[in-house]
Amino acid sequence: MRTITVAERRARLARRHRLSTPAASIDEAVRAVGVLHATDPATVYLSVFARWPGVTVDALDQVLYADRTLLRLHGMRRTLFVAPLDLVPAIQRSCGVAVAAQSRKTYVKLLTEAGVGDATWLAELEEAALAALAARGEATAAQLSVDEPRLRTQITIAPGKPYASTQTITAWILFLLAAEGRIARGRPAGGTWTNTQWTWSPMEKWVPGGVPEVGEDEARAELARRWLAAFGPAPASDLKWWAGWTLTQARKALAAIGAVEVDLDGQPGFLLPEDADPVPEPEPWVALLPALDPTPMGWSTREWYLGEHSGAVFDRTGNVGPTVWSDGRIVGGWAQRPDGEIVFRLLEDVGAAKIAAVEEAVGRWQGWLGALRVAPRGRRHSDLERSLLA
């Protein structure tokens, strides 16, 4: 069994994720990490910029909304991602279907307890919402709720409890339809790249013919292969966490692609069989990565690149804030202040040359963002980020 050291894992991270050597296109930047986190819409743009400094907001908008070679969808761990179109069937079948099924059970329980409806009522409303969307061709949630008034039904969650809340079920219906691959998120309704209010379209309009159907085992195998190509070597438990599968499902998928077992400092890990050759260390490098970037969010076992900095750069719900990297490990964090200034703090001594390189990287980010302001969405500030903004 081949042993892969932490140093080689860091070298693989640098090269595979296009952090030591920039990508040459949007497609290359995205495929380097498999998918982009999209809970915060700004992350999609910032993660591409971190890997391809030549990108512009307009160029990425073109790929997302005109060329439509990338699609925003719910997948692994119920999280929103942007994925290459050819990976969508695997995500949809191996993750989206299960997420939708579990959510449907929850929604039916809440609707029944509230005396609003049952599973049949929910299914009828889904079909009515889909018909209303098809009639318009493209619509916002607000527009659909005008066409189908039942979408404005409100449900009180945990009635009588101090944490009780009232929700309108429009988002529930759209989530189910999207998770099942029946509708697609389009351009943000507000016209800005940081907005989270989407326009929606029937999937057939967005993807001609709809999302191709694949078998569940085939889908898991393909998603595992893409993940391992970007994040291997790694233990099966990391794939289990990242994909939101059971450990049995993760191991079965790894076996299906012929993953090779390797030793990671005494812990078993896996590589693709064609990826077993040693990877040389790149030239020294630094990088700034945005909050929720797919690199730090790609593994559940993070000590080998995170060290003791988890409490500083991750928030209390497990989401990473903006980070500073040096030679394959997190060494600090950064933030954009309300006036647009980018500030950073290092958590360890990296030497004068690396500090100068970080300052140079900050200058590039400052120039790219210009007048744009990025505020956290879908996450809390990390402790380090909060202190930088104080």
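Arginine 379 sits in the loop that runs between α15 (352–369) and α16 (383–389), with helices (H or I, at least four residues) and strands (E, at least two) taken as DSSP runs numbered from the N terminus. The model is a predicted one, so local features need pLDDT of at least 70 and side-chain atom pairs count only at pLDDT 80 or more, while totals for chains, interfaces and linings use all residues. Residues are numbered from 1 along each chain as its sequence is written, and side-chain values use heavy atoms, with hydrogens and water left out.

Despite being a loop residue, arginine 379 counts as buried because its relative accessibility is 14%; buried means under 20% relative accessible area, exposed over 50%, and partly exposed in between (1.4 Å probe, protein chains only). Its side chain makes a polar contact with the side chain of glutamate 385 at 2.8 Å. A polar contact here is a pair of N or O atoms within 3.5 Å; within protein, one must be able to donate a hydrogen and the other to accept it, and residues adjacent in sequence count only if both atoms are side-chain atoms. Setting aside neighbours within four places in sequence, arginine 379 is in contact (heavy atoms within 4.5 Å) with residues including Asp315, Asn319 and Glu385.

Another loop, between β11 (286–289) and α13 (303–306), holds tryptophan 299. At 2% relative accessibility, this tryptophan is buried too. Its side chain has a polar atom 2.9 Å from the backbone oxygen of phenylalanine 231. Not counting residues up to four places away in sequence, tryptophan 299 touches, among others, Arg9, His17, Trp227, Phe231, Trp241 and Trp304. The C-alpha atoms of tryptophan 299 and tryptophan 242 are 6.7 Å apart, though 57 residues separate the two along the chain.

Next comes the largest nonpolar core, with 125 residues. Such a core is a set of buried Ala, Val, Leu, Ile, Met, Phe, Trp, Tyr and Cys residues joined through side-chain atoms within 4.5 Å. Tyr45, Leu60, Met76, Leu223, Leu239, Trp245 and Trp365 touch the most other members. Helix α5 (residues 88–113) supplies the largest share of this core, 10 residues. As for methionine 76, its contacts beyond four places in sequence include Phe81, Leu223 and Trp242.

Helix α5 also packs against helix α6 (residues 119–136), at an angle of about 115° and with the axes 9 Å apart. The contact involves Arg104, Tyr107, Val108 and Leu111 of α5, and Ala119, Trp121, Leu122 and Glu126 of α6. Axes are lines fitted to C-alpha atoms, for helices over the stretch in contact, and angles run from 0 to 180 degrees between N-to-C directions.
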